[in-house]
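Visitor: I'm new to this one. Could you walk me through it?

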Amino acid sequence: MNRGQSILLLGLCVALAGVRAIELTFELPDNANQCFYEDLKAGVDTIIEFQVVTGGQYDVDMSLEDPNGKVLYSDTKKQYDSYSWKTEVEGTYKACFSNEFSTFSHKIVYMDWQNAEDAAKAASNAPAMGQMELYANSIGDKLRVIDDYQTHHRLREATARKRAEELNERVFYWSLGQAAVIILVSVLEVVIVRSFFADKRSVTGAY
């Protein structure tokens with residue numbers, strides 16, 4: 001590996017490390033509440049995204065609080081959403097997901113919490129970058145975008161597949177119900193028709 005390739009690889013590693021992220025998929029049982037914590041400095045650009053992959057009506061309650069207990073974001077029964085902000089105080093931030101409104105439906109929830117240093121502050125403190133480092137930063141940004149697109153595509157695919165399976169199950173049971181109704185109606189028709197002939201024979205015998 002020559003010197004140029006080494007510089008490019010090192011710059012790419014630095015670019016990818018410039019953004020810290022918590023990305024996970026977890027199970028949220030019924031009547032449950034789960035919280036996640038992240039220590040952040042002041043002046044950090046942050047974005048949090050979440051999506052209910054499977055379970056119930058594909059909805060969940062979510063709230064976000066700063067270290068002082070101030071509610072930054074709160075919403076109920078959301079299938080997916082994202083929220084971005086710049087931290088004002090240093091400390092531990094808390095994101096909570098609640099399924100307490102559901103009595104029997106477990107949920108599978110995806111969360112992506114990304115934290116990046118302020119670009120202007122980083123640029124003012126960092127030395128002038130060479131051409132290779134600029135290329136590495138550009139490649140790192142594009143790789144993160146590609147990773148986000150792939151993740152969202154997998155989530156949409158999983159959600160669509162789960163809904164298709166649920167729809168197929170509902171159609172199956174509906175078809176069974178329709179078949180049972182048809183059989184019951186056919187039996188009733190036979191019984192009614194036979195009763196007509198039985199009544200006719202009884203009347204004829206009486207004469």
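This is a predicted model: local features need pLDDT of at least 70, side-chain atom pairs count only at pLDDT 80 or more; totals for chains, interfaces and linings use all residues.

Visitor: What is the mean pLDDT of the protein chain?

Guide: pLDDT is the predictor's confidence in each residue, from 0 to 100. In the protein chain, 78% of residues reach 70 or more. Over residues 2-19, though, the pLDDT is below 50. The chain's mean is 78.

Visitor: Is aspartate 59 buried or exposed?

Guide: Aspartate 59 sits in the loop between strand E3 (45-54) and strand E4 (60-65); strands are DSSP runs of E, at least two residues, numbered from the N terminus. Buried means under 20% relative accessible area and exposed over 50%, with partly exposed in between (1.4 Å probe, protein chains only). Aspartate 59 has 12% relative accessibility, so it counts as buried.

Visitor: Which UniProt annotation covers residues 171-192?

Guide: In the model this span is 100% helix and 0% strand, helices being DSSP runs of H or I, at least four residues. Its end C-alpha atoms lie 31 Å apart. UniProt annotations may be inferred rather than shown by experiment, and here the unreviewed entry says "transmembrane region".

Definitions and conventions. Residues are numbered from 1 along each chain as its sequence is written. Side-chain values use heavy atoms; hydrogens and water are left out. Contact means heavy atoms within 4.5 Å.
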